[in-house]
Amino acid sequence: MELNIACIAGDGIGPEIVSQARKVLDRVCAIYGHTIDYHDVLMGGCSIDVYGVPLTQETIDICKAQDAVLMGSIGGNPAVSPWYQLAPQKRPEAGLLALRKALGLFANLRPAYLFEQLQDACPLSVRNGTRSFDLVIVRELTGGLYFGERKTEIIDGVRTAVDTLRYNEKEIERVARKAFEIARVRRKKVTSVDKANVLDTSRLWRQVVHALSKEYPDVTVEDMLVDNCAMQLVNNPAQFDVILTENMFGDILSDEASMITGSIGMLPSASLNETSFGLYEPSHGSAPDIAGKNIANPIATILSAAMMLRYSFGLPAEAGAIENAVKRTLEDGIRSADLMPRDAEKKKGLRAVSCSSMGDEIAARLVSPHA
Ligand code: IPM
Ligand code: MG
């Protein structure tokens, strides 16, 4: 088949990690007999440099005209980058939020599991015999605090800022439905995370989730307060299957979940609308401090490309081939810098490689199903 993909390399380490994902995608498509048509577009800081704005209508239109969007990362270091001299709505991050909104990407899937080979990179101590876990965070992506009205004004001589947290029941129901559907093909458990002891939006969230759960009698649903969830993630991540939560809580919990997989460089993500269209990006940021050094970990982006094949193109065998190649690369002791243990003793048998070599190693381990 022909895969039409819009490609946003973005800023910082974005171009480096995206070219590794493309290397792996090109290889898997060559093996399975697909062709890819990439449409490169600008978004984020690089778009500001060329067009003065982080997102143009042309970028939105080109993304909409393809079947999926593959993205690296956007943004820079606010302490030094001129992009952050601009008004907040003109900065790189505003482009990403506007793109998610324009494409209707309300459900953000962030799977976190611990590769057997990365047990020693996991910062959690081994308790109860095992550290293994396999969970997916389903984060609402186009509502809540990120999109509510905000302003900063002077009231009685005091600078005062307001951000608005708003959800309606339709927005809650559609993302909850995704979570239940995903749980159905996993271990059939949804943990709905909120702050219902304080927030009205959370109380509405609970009501909607519980009403919807009647349609999914095969799936267990439990509620958890977000502060407790943050604690449970480091205490016993194995208890989770699908974590369903609102935009801001999901942003925070997914960084936490990524780190217990060994590195923030491991966590992929898929942002979906009601159709098979999606935007696929690593959960991490643009890491401007290591940009251009060819040392970033491209695995989150490569695994995001695998999610793209599975969710937008209905190619689970090809997606599985990429995931297996990543696993085999790690099994062979090949590590990007972020995955190397600090302890010299534990480094034995491991080989530290650059970002581009990691891409080469993973691509080289892709095998034909007929081989
Ligand atoms: C993420 C990022 C973004 C978010 C930023 C860059 C706006 O942290 O995708 O998790 O908060 O959604
Ligand atoms: Mg984040």
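User: Is E361 buried or exposed?

Analyst: Buried means under 20% relative accessible area, exposed means over 50%, and partly exposed lies in between (1.4 Å probe, protein chains only). E361 has 17% relative accessibility, and counts as buried. This is a predicted model: local features need pLDDT of at least 70, side-chain atom pairs count only at pLDDT 80 or more, and totals for chains, interfaces and linings use all residues. Residues are numbered from 1 along each chain as its sequence is written, chains are lettered from A and ligands numbered from 1 in the order in which they are written, and side-chain values use heavy atoms, with hydrogens and water left out.

User: Which residue does E361 meet in a salt bridge?

Analyst: Side chains of opposite charge can pair when their charged atoms come close. A salt bridge is a side-chain nitrogen of Lys or Arg within 4 Å of a carboxyl oxygen of Asp or Glu. Here E361 meets R365, at 2.8 Å from N to O. R365 is buried too, with a relative accessible area of 15%.

User: How many salt bridges are there in the whole structure?

Analyst: A search finds 22. Some are linked: D134, R186, R187 and D241 form a network of salt bridges.

User: How far apart in helix 5 are R177 and E173?

Analyst: Helices (H or I, at least four residues) and strands (E, at least two) are DSSP runs, numbered from the N terminus. R177 and E173 are four residues apart in helix 5 (residues 169-184), so about one helical turn separates them. Their side chains meet in a salt bridge of 3.1 Å, N to O. Both are partly exposed: R177 has a relative accessible area of 28%, and E173 has 34%.

User: Which residue forms a salt bridge with D194?

Analyst: R206 does, with the closest N and O atoms 2.7 Å apart. This pair links distant parts of the chain: D194 sits in strand 8 (residues 189-194) and R206 in helix 6 (residues 200-213), twelve residues apart. D194 is buried at 1% relative accessible area, whereas R206 is partly exposed at 25%.

User: At what angle do helix 1 and helix 10 pack?

Analyst: Axes are lines fitted to C-alpha atoms, for helices over the stretch in contact, and angles run from 0 to 180 degrees between N-to-C directions. Helix 1 (residues 14-32) and helix 10 (residues 316-331) pack at about 130 degrees, with their axes 11 Å apart.

User: Which residues of helix 1 meet helix 10?

Analyst: Contact means heavy atoms within 4.5 Å. V24, L25, V28 and Y32 in helix 1 meet A317, E318, A321 and I322 in helix 10.
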